[in-house]
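I hope they are handy while you look through the structure yourself.

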Amino acid sequence: MKVVLPDSSELELPDGATGIEAARAIGPKLAEQAVLVRVNGGTRDLRLPLADGERIQLLTTRDSQDPDALFVLRHSTAHLLAEAVMRLYPGVKIAIGPPVADGFYYDFEFPEPISEDALAAIEDEMRREIEDGRVWSREELSLDQAVERFEAESQPYKVELAHGAEGAISLYTQGEFTDLCRGPHLQDASSIRALKLTSLAGAYWRGDERNTQLTRIYGTAFYSQADLDAHLERLEQARARDHRRIGRQLDLFHFDEHSPGSPLWHPKGMVIYNQLEEVRRRENRRRGYLEVKTPLIYDKALWITSGHWEKFRENMFLIPGDTDDQTYGIKPMNCPGHMLLFGSQLRSYRDLPVRYAEAAPLHRNELAGTLHGLTRVRYVTQDDAHIFCTEDQVPAEVDAVIDYVRYLYGVFGMEPHAELATRPENRLGTDKQWDKAEEALRNALDRHGMRYVTGEGEGTFYGPKIDLHMTDVLGRSWQMGTIQYDMQMPARFGLTYMGTDNAEHMPIVIHRALFGSFERFIGILVEHYAGDFPFWLAPVQARILPVGLGHQEAARALGNRLDAEGFRVDVDERDETLGKRIRDAELEKVPFVVVYGDRESDDALAVRERAAGQSTLTLDELLARFHDLAAEADPSP
Ligand SMILES: [Zn+2]
Ligand SMILES: [Zn+2]
């Protein structure tokens, strides 16, 4: 038989040859380093046979960043963990141990509870296994044999898993440990060069809280110590930048158990919020959007018309109405109100496009377990807008929205990238309409040179869309805003306009939110800047520190002067040493600190600028610097 290699050359092999035999046919070095074989895009254990005509790619220890190569490494490390735990804790019951993003876990039922302190010893035991050498072997057996085997070993979870297994049942053995497992696995443990057990958590068997609670041990593994070090460093940075932590430290917001998922914004957090709101208003005004305000609650009939009652009711907060059979829903989206607004008047083609903007509070009943700081909330404020236009106006409107996106993300020094989601199987509208709609979105992305990937078939049933993402300084990708083409909701609301032909036509609606939501955007900004906000966003832009009592009046006068120029300034008159007050200002990440003592005057101010160090400036120079930095809120396009 023949298999096809990545360079499209063919490799002749005996019938039924395995992945490892294919590797050996190419070279001994490759055979030694091979960890996995990719077959027609999927992955397969090296020990399994290949078939005639298959396209194969052998992954080796050098593919140290490849997600599949890392998966097989980490899953094999999970088996080492189970072996170590079974040796150290006789009587332990083992459940499942899959690889996950960034690592792996294994669930156990321990005879006695263990604590995080136990992890170091388990880790040592795993390292000993690697030193001693572990080779994986694979065998297949019948359901009866598997059940008999795991019953004899008093492993009830494995017995249950065997009963649920589909197809042939396979076992993998290394050292003293045999697991019921589909694989794939490494050839041997020598390629596991770095491992770490990271944490403990409780987890119910099969995720069901009516079942026994198990202990989940999380860990990770890499092909080199350097990769593990880099990973731990990234985790450490992510922890240091966690917006929930910085939010407390900088006094921006907090959450209260009385309203889960709903931030309570503190005055300093509100400064940031309002700065974004100012950018939103300014740009909407410049770009021809009209501010509107629509109700927060609507009756059930409205939600039936919009389709939310059918598709989104689970996520809505409902309130009883005036009579028993009446129900109101708090809005999870602004669209229905804007449909009512558009439909409230006769419209002509001359009125279009109409662009309604509203940043109203929205509520979505997200599951408590999925809430996460500002990035996953129940109280959401979108920088929302709906553009009503003719089909012919769509290309220019989408183009303008993409231009807006480029500008807006540029304000924060972020490079957005996009995902263009195209027509799904189930959809409304004709192919011709979809062609036009997708083309309009694609052309706009191309024209602005925006990076994007295409999600074939990922569009909504009512139209294609563009999802906006950004990558932060730690390389993490975040979903932000969205631009959606909609030929469904205007139809549900019976919206029309009078065309040039004096006949009624249906407008297209473009839904767009560019920050996405204020809450999420601010959460991401906090982490992106690690709390070191640019001058124009900083809650306190400058702090003045009078050296002694005698300098307080001059310090206050300076503060008032800067305040009158529109800057956010405070004076720290606390009875603390100068050093302590400077350190506090640094901890609060105040961009400018001005020390005012005997030698200072309007002609000579001692200024410490974050990142730029100390200098002596005149008041005019300081003001010029402030105005320059404040202008970053509105960079020229
Ligand atoms: Zn396994
Ligand atoms: Zn909408």
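**Notes on the predicted model**

1. Beyond its neighbours within four places in sequence, phenylalanine 533 is in contact (heavy atoms within 4.5 Å) with Leu250, Leu252, Ile272, Leu525, Val526, Ala538, Pro539 and Arg610.

2. Phe533 also belongs to the largest nonpolar core, which has 60 residues. Such a core is a set of buried Ala, Val, Leu, Ile, Met, Phe, Trp, Tyr and Cys residues joined through side-chain atoms within 4.5 Å; buried means under 20% relative accessible area, exposed over 50%, and partly exposed in between, with a 1.4 Å probe and protein chains only. The members that touch the most others are Leu276, Phe412, Ile466, Leu525, Phe533 and Leu537. Helix H13 (residues 394-411) gives the most to this core, 10 residues. A second, separate core has 41 residues, among them Ala84, Val92, Met126 and Ile217.

3. A word on conventions. Residues are numbered from 1 along each chain as its sequence is written, while chains are lettered from A and ligands numbered from 1 in the order in which they are written. Local features need pLDDT of at least 70 and side-chain atom pairs count only at pLDDT 80 or more, with totals for chains, interfaces and linings using all residues; side-chain values use heavy atoms, leaving out hydrogens and water.

4. Now the strands; helices (H or I, at least four residues) and strands (E, at least two) are DSSP runs numbered from the N terminus. In strand E26 (residues 477-486), 8 of the 10 residues are buried. Strand E25 (residues 465-471) pairs with E26 in the antiparallel sense over 6 bridges, pairing being at least two DSSP bridges between two strands. Isoleucine 466, listed above in the core, has isoleucine 483 of E26 as its bridge partner. The two strands form a hairpin with 5 residues between them, and glycine 475 in the turn has a positive phi of about 80 degrees.

5. E26 also runs antiparallel to strand E29 (residues 508-517), joined to it by 5 bridges. Here aspartate 486 is partnered by valine 509 in E29.

6. Next, the zinc ion (ligand 1). Its protein donors are His75 (NE2), His79 (NE2), Cys181 (SG) and His185 (NE2), at 2.0 to 2.8 Å. Donors are N, O and S atoms within 2.8 Å of the metal (3.2 Å for Na, K and Ca); water is not among the atoms, so sites may look incomplete. The spacing along the chain is H-x3-H-x101-C-x3-H. Histidine 79 lies in helix H3 (residues 67-88) and cysteine 181 in the loop between strand E11 (177-180) and strand E12 (194-204), so the pair ties together parts 102 residues apart in sequence. Both histidine 79 and cysteine 181 are buried.

7. Histidine 185 sits in the loop between E11 and E12 and is buried, with a relative accessible area of 0%. Its side chain makes polar contacts (N or O atoms within 3.5 Å, one able to donate a hydrogen and the other to accept it) with serine 76 at 2.9 Å and with histidine 79 at 3.1 Å.
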